[in-house]
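Dear colleague,

Please find the structure below, followed by a short account of what was found in it.

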Amino acid sequence: MDDLMREFLTESAENLAMLDQTIVDLEQRPSPEALASIFRTMHTIKGTCGFLGLPRLEGVAHAAEDVLGRLRENQLPVTASVITAILRAVDRIKVILAGLESTETEPEGEDGDVTRPLQAFAASEAEARATAAAGKAAPARPVAEASAAPPPAAAVAAARRDVGAAPAAAPAEAGDPVTSAVANQTLRVSVDILDQLMNMVGELVLTRNQLLQLTKADEDSHYGEPVQQLNRVTSGLQEAVMKTRMQPIGNAWAKLPRLVRDLCQASGKQIELVMHGAETELDRQILQSIQDPLVHMVRNSADHGIEPPDVRRGAGKPPSGTITLNAYHEGGHIIIEIADDGAGINVARVRQRAIERGLVSAEAAAALPENRVLEFIFAPGFSTAAEITAVSGRGVGMDVVKTNIERIGGVVDVGSRAGRGTTIRVKIPLTLAIISALIVGNRDQAFAIPQIGIVELVRVAEENRQLIEEVHGSPVLRLRDHLLPLVRLDAVLGLPRSSESRDLIIVVAQVGEARFGLVVDEVFDTQEIVVKPIGRLVKDINLYAGTTILGDGRVIMILDAAAISSKAHAIAASTRESAGAPGAASGAGPATTGTDERMSLLLFRSGAEAVQAVPLSLVTRLEEIPVSKIEVAAGRYLVQYRGALLPLVPAGDGLSLAAVDPRPVIVFANGERAMGLVVDQILDIVESTVRIEAAGGRPGILGAAIVNGAATEVIDTYYYLQQAGDWVGRDGEDGAPQRLLLLEPSNFYRDLLAPKLRAAGYEVVAEATPEAALARFERGQKFDAVLADFDEGGARAMNLAITIREQFGIADAALLALARKVTPEDQRCALAAGFAACVPKADRDAVVAGIQSVLHFQEAGR
Amino acid sequence: MSEAKEARSGEFISFRVGGQLLGMPVQMVQEVLTAQRITRVPMAPPEVAGFLNLRGQIVTAVDLRARLDLPPRDDGRESLNVVARDQEELFSLLVDEVGDVIEVSADIFELPPPTLSERWRGVCEGVYRLKDELLVSINFPALLTLH
C-alpha cells in the first residue's frame, strides 16, 4: 500500500470516528459549527478520493456533501431522516474504506441505495424551501420515506454485522469496518509532547553519562550491573524518541514531481526531476520549515533555470533539462542541494537590477565579484524575470526562502554558471539532535567534534614531525599520496600555541568534497552528546555548532568543522576529489569549449613570467635547494635528492639559477620518476575554478584560473615530467610503446588522462566520439587497448565495445571502462558488456594501473 | 509618575563589583551561586566569561568587570554568580560579592548622573541614595547587549 493511501485511510478513519459523534450532536442540538465541521470532513474525503481515483467513495461523499452544504446554507432543515441518510453515507464510506484497506482497491458495488435519498434531499429544492419556511416542524415527508426504505438499511446493517449473506454493495466482509487496522497502527501525538519527551531524554542521557562515569571510577561498585542496564535502556529509549521526530526528507519532496510535471505542462518545457538521498532523515520540525522554501526553489529552477527545449537544443544541450535534488549529512549539518542544468543566473542582469533598485551603487556593483552579486537574488522583492509568469517571477520567493532557512539556523548559498545551470545549497544545523561526537583536547580545554564529519584520526609521533611540511607557511601532511592541509585548533581558536615536543593528533575531517586535518593535542573518547543551542552572546563567533554537557558536568563547545575549515581558508579540494564529486561537470560541454573545474592551486612565480599555478594534488613535495648543490650535466640541471638524481626543469624561460638561493623547487613524482620544477618564489595556496583549455593550447599549460582577479596559467606537470622523462629515459621499456585509444567526450578528462597515460609510457590517441574512434579502426589503425567513457550512456559504450571487439579484433581483456563514479551497478554492466574493468576516471593512478593490468592480462593470454 | 515610582520601589538584590555597589530587582534574579566551573569560549567577546552548567542547563556567564570596564580581579578570590533569565536564556553575572536584599523606594532614586562614562550610562537605570553609599541600579537586558 503506498504512503498516500495509508495516510488517507488513517486520516479518514480518525475523522469518521469523530463524525459519528458530531452528527449525533447535530441532531440533538443543531449548530453551525457542527455542520461546518461535518461538511469539511466530507469535503476532504471527497477531494482526496478524486485525487486517489476512488470513484465509488467519491460518489457517496459527494452526495453527502451536497446535502450537508444545503443544511449549512439553511436551505434544508435538520431532520431525523436527513441525519439518517447522512449517517448511512458515513457507514457506507466506512465499509468502502475497510474494503480498501484489505484489498487496496475499492470494493465492487453500487451505492444508489445510499446516494439516491441524499440526491433526493439535495434536489428537492422547492420542497426544501417550503419546509425551511415552515420551520423545523415539518420534515420532508416523501424524501424521508425514500431514505427510510428498508433495502439500503438492511444492506448496511448486513455489512456492519458481518452477516454471511452480505449484499453486493458491501463485499468487504472482513471485520468491523469501524475499527481500522491501519488506523490503529499509528497514533497522532502532539509535537509538544514529543518535544518534552526529547528534552527529558536529553536530561536522562546526561544523568546516565554521569552515573557511568561514577561507576567506572569505582570498580567495587554494586551499581555496575544495574547502571549498565540503565545505560542500554536509555540508549534504546533515546533512539526511539529520536525516531519519533525524524522523517525522511523524501516526505518533503513528495509534492515536487507533481509540481514539476504541472510546470512542464504549462510551459512546454521538458524537465526531469532527479532526487538523491530522499532517505536522509531530519527532524520533522526542520522538515516542515524547509518544505515551502524547497517548493520555491524547485519552482524557480523549473521556471527561470531550465530553458525551453528549442533553446536548449540551440545551446547544444539535451532538450530535456534536469533538476537534481540531493540531500546528505555533513559534519552535523544536513545539506540540501537543488541543482539545475539550465541557463544559469544572468549575473549582468542581477547587477543591473541591483543598481536599478538602489541596492548598490553602480561603481560598487562593478567592483563586486560574481558570487557577491548573486547574493542580491535574496533581497526582498528582487526579480530579474523579464516577464512575470503565473508560476514565479513576482520577486517573492528567494528572500522568503532565505528568511525561512535562517530562522532555523540554516544558511543558503547560490552558485551559478552561465549556460551551465544554478546550484542552491541549503545547510541546516542539527541543533535538536543527540549526536555522536569525538571529544578532543587542546591544552586544558576539551571540545567535541561531531563524528559524522570525521574521516579518520592520524597520529604523528614527535620524531616524525618532519612529515609535516609547509607550503608558504601553510602546514600540510602527506597522507597516502595526497596533501592534507592542516589547521591547528589552537591557532583557529586564538589559543596560545601548544607545546611542540609531543605527538600530534590530526583529526581528518571531510567538508563537502574537501578534506582537512585539524591538529589537536589529545583525543579522549567518543560520546553521545546532546546538542544544546549556543548562547546568543557567542553565536556570532561562527566556529561552534553548539554546546553540550559531558558526563562529569563540564560544559564543552561543539566545533563546527566546516566553519573552522572556511575560517582557516584551508579547503584544499584536491583535483581528484572535486573532479570525482557528484554534480561536478555533469555532462560534457560542446566539443569546442573548455571545461571548468574547481581545484586547489599552488601559486608560484618564476623568471619574467606572470604568476603561475599548479594543481596542489599533483605536488609531491616542496624543497629549497641551495644553488651550490645543483649540478649541470649535458645542459640539464640535476640535484642529489634522497639518494637519487632529481632532474630539474626551469619553469619558464630566462630563469637565472643563481638569482635566488636557496632555490624553491616543486617536486612532482610519478611512480619511480620524479622531477623538480625550479621556480623563483612560492606564493600561496588558493582554491579557484580552473578553465581547462581545449586541446591545442600551449604545450605545458593545462588551462587558466582566475586568481585574485587575474588570469593565471595552470601548468601541466605531466608535460614537464615528460620533458624530464625523455632525458631520463623510459623505465626499462624497450620496443615500440603500446598504443591506446582514449575515448572520452569531456575535454577535461581527456586532457587530464592523455598526458598521464603518455607519461606512463603509452602512445595515446584521444577521441571525443565513438564515431571518430571507430573511424580510426576503419582506417586500419591498430590499438593495444581501448579506454572508453562509460558515463555518457552505458548503452553507447556497450555498443562500442561490441563493435570494436567483433569488427576490429580487440580482445575483451583490452577494454577498460571509465566512469566518473564507479558504482557496483556500473561494474556489473561494464563487465557484462565485455569490458575488463570499470575504473574511476578522476583517479589517474587507478586508470594507469587499470590499463597496465589490462595489457598485462592480454599479454599473458597470448 | 506613580507607575515609575512603583517600578523603582521594591526589593533589590545588591552585589559588589570593583568596590561599587550594584543592584537589580530581586524578582528578576533566579538564584545566586557560589563559584562555578566555567568553560571559557575561545574567540568570544571579553565580556563573555564562558558557560556553566546549572542542573543540566547551559548558562552564559558574563564577566561584569569586563562589561563595566573594570580591571580584572586581583584579590585571588573567586567570583559569585547572580543568575537571571532574559529572553528564555539563562545568564550569570560574575560579581565580587553578593550583599543583602535591600528595600529601596522611588524617593531616593535619581537618574544616572550625566557625567557617567558612556559604557556605564548604557547599563545604568539610575542611582539609589542609600544611607551609607550609593547603589547603582543596573538594566539587565542592556547589560547583555554587547557592542
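This is a predicted model: local features need pLDDT of at least 70, side-chain atom pairs count only at pLDDT 80 or more; totals for chains, interfaces and linings use all residues.

Residues are numbered from 1 along each chain as its sequence is written, with chains lettered from A and ligands numbered from 1 in the order in which they are written.

The axes of α13 (residues 256-267) and α14 (residues 284-305) of chain A come within 10 Å and cross at roughly 30°. Axes are lines fitted to C-alpha atoms, for helices over the stretch in contact, and angles run from 0 to 180 degrees between N-to-C directions. Helices (H or I, at least four residues) and strands (E, at least two) are DSSP runs, numbered from the N terminus. On the α13(A) side, the contact involves L256(A), L259(A), V260(A) and L263(A); α14(A) contributes V295(A), V298(A), R299(A), A302(A) and D303(A). Residues are in contact if their C-beta atoms, placed from the backbone, lie within 7 Å.

In chain B, five strands form an open sheet with mixed pairing, in the order β3-β6-β7-β5-β4; strands pair if DSSP finds at least two bridges between them. Strands β6 (residues 80-86) and β7 (residues 89-95) of chain B are antiparallel, with seven bridges, and V82(B) has L93(B) as its bridge partner in β7(B).

Chain A as a whole holds 28 helices and 34 strands.

Yours sincerely

Methods: Two residues are in contact if their C-beta atoms, placed from the backbone, lie within 7 Å.
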